[in-house]
Amino acid sequence: MSETEGNAELGKKAFKRSKSHFADRVTADGRDGWPVEAGRYRLVVSRACPWASRAVISRRLLGLEGALSLAITDPIQDDRSWRFTLDPDGRDPVLGIRFLSEAYDARETGYPGGVSVPALVDVPSGQLVTNDYQQLTLDLATQWTALHRDGAPDLYPAALRDEIDEVMADVYEDVNNGVYRAGFASHQEEYEVACRGVFRRLDLLAERLGSRRYLVGEAITEADIRLFTTLVRFDAVYHGHFKCNQWKLTENQVLWAYARDLYQTPGFGDTVDFDHIKRHYYQVHTGINPTGIVPLGPDLSGWPTPHHRDELGGRPFGDGTAPGPVPEGERIPARGRP
């Protein structure tokens with residue numbers, strides 16, 4: 001979804017997610033030439049994109065808003081990539097560019113691949129540092145600790161990393177990426193294999209979560225963030241647009257309660273813009289929705305309703321505390337909320 005090239009071709013050939021071409025890391029020791037430094041980098045995201053939303057949630061939970069600035073792109077792309085048309089004069093106020101592709105070109109002109117989010121950009125040089133969505137959030141949790149807020153949760157605790165990695169690998173293959181393989185399938189058998197895989201894994205996850213509040217351990221971890229960004233989009237776009245319609249999230253008692261629990265946790269739902277999500281999927285993916293019509297539904301009023309998951313115990317932030325209020329300029333407009 002984060003690729004800008006070939007949107008009209010989606011659904012006409014087998015879907016294969018590209019690996020991140022720029023995999024430099026911003027680390028505490030600066031081993032790749034990019035040391036952690038407050039104010040140096042800008043996180044460019046689309047609120048429509050689940051991969052980018054992981055980084056937005058992590059940044060909120062860890063309290064990095066003051067150290068890592070945030071750029072929000074227009075959910076509707078054109079053939080020149082993600083655009084800053086939501087900003088005055090159509091330019092990002094910090095980077096001074098109209099298109100994210102300009103930061104990619106500043107790093108490597110004519111590189112082989114599309115322009116994707118999340119993207120971490122070096123403000124002084126205007127160059128892209130990384131678009132490695134898999135590693136980025138892990139580094140925010142483990143390399144940026146000197147800039148974390150007081151009370152920041154440990155989203156990738158060392159003692160649980162093997163289990164977290166195992167759970168995340170299954171979630172990525174069958175759920176995070178599985179919905180895309182189903183939605184962009186080019187023939188019936190390919191679609192059916194992917195779709196069945198999605199629901200088989202969701203059933204297993206529901207079984208796992210039937211007796212525990214979070215996926216791994218007693219608190220929220222990176223694994224929960226990665227599952228949430230797919231679940232929160234499920235009924236809004238994956239059920240209809242991607243034909244993952246064996247059942248709706250709202251029809252699964254365990255997963256619907258789990259998703260609501262996270263949505264109502266500070267740092268999760270306050271980053272979700274359903275308006276951006278729906279308009280991006282239905283208007284950009286013209287290969288599978290050529291009319292560009294955005295459906296009126298689904299009914300979002302259930303997201304703030306009681307979930308009762310706290311009866312299972314657990315502490316959302318472990319030994320930490322909830323993040324503070326959403327910064328003024330980052331609040332979700334009313335049209336994007338339930």
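The buried residues of helix H3 pack against strand S1 (41-45), helix H1 (50-62), strand S3 (119-122), helix H4 (161-176) and helix H7 (222-238). The model is predicted: local features require pLDDT of at least 70 and side-chain atom pairs pLDDT 80 or more, whereas totals for chains, interfaces and linings use all residues. Residues are numbered from 1 along each chain as its sequence is written, and side-chain values use heavy atoms, with hydrogens and water left out. Helices (H or I, at least four residues) and strands (E, at least two) are DSSP runs numbered from the N terminus.

Seven of the 10 residues of H3 (residues 133-142) are buried, so this helix is largely enclosed by the rest of the structure. Buried denotes under 20% relative accessible area, exposed over 50%, and partly exposed in between (1.4 Å probe, protein chains only). The buried set comprises Tyr-133, Leu-136, Thr-137, Leu-138, Asp-139, Leu-140 and Ala-141.

H1 and H3 pack at an angle of about 5 degrees with their axes 9 Å apart, which makes H1 roughly parallel to H3. Axes are lines fitted to C-alpha atoms, for helices over the stretch in contact, and angles run from 0 to 180 degrees between N-to-C directions. Angles under 35 degrees count as roughly parallel, over 145 as roughly antiparallel, 65 to 115 as roughly perpendicular and the rest as oblique. In contact (heavy atoms within 4.5 Å), Trp-51, Arg-54, Ala-55, Ser-58 and Leu-62 of H1 meet Tyr-133, Gln-134, Leu-136, Thr-137, Leu-140 and Ala-141 of H3. These residues divide into seven nonpolar, three polar and one charged.

The axes of H7 and helix H9 (residues 274-284) come within 10 Å and cross at roughly 50 degrees; H7 and H9 are therefore oblique to each other. On the H7 side, Val-232, Arg-233, Ala-236, Val-237 and Tyr-238 meet Phe-274, Ile-277, Lys-278, Tyr-281 and Tyr-282 of H9. By class, this contact has eight nonpolar, no polar and two charged residues.

Within the largest nonpolar core, which has 97 residues, Leu-100 and Leu-202 touch the most other members. H7 gives the most to this core, with 10 residues. Such a core is a set of buried Ala, Val, Leu, Ile, Met, Phe, Trp, Tyr and Cys residues joined through side-chain atoms within 4.5 Å.

Arg-80 lies in the loop between strand S2 (69-72) and helix H2 (101-107) and is partly exposed, with a relative accessible area of 48%. The C-alpha atoms of Arg-80 and Leu-202 are separated by 36 Å.

Note on methods: Nonpolar A, V, L, I, M, F, W, Y, C, P; charged D, E, K, R; others polar.
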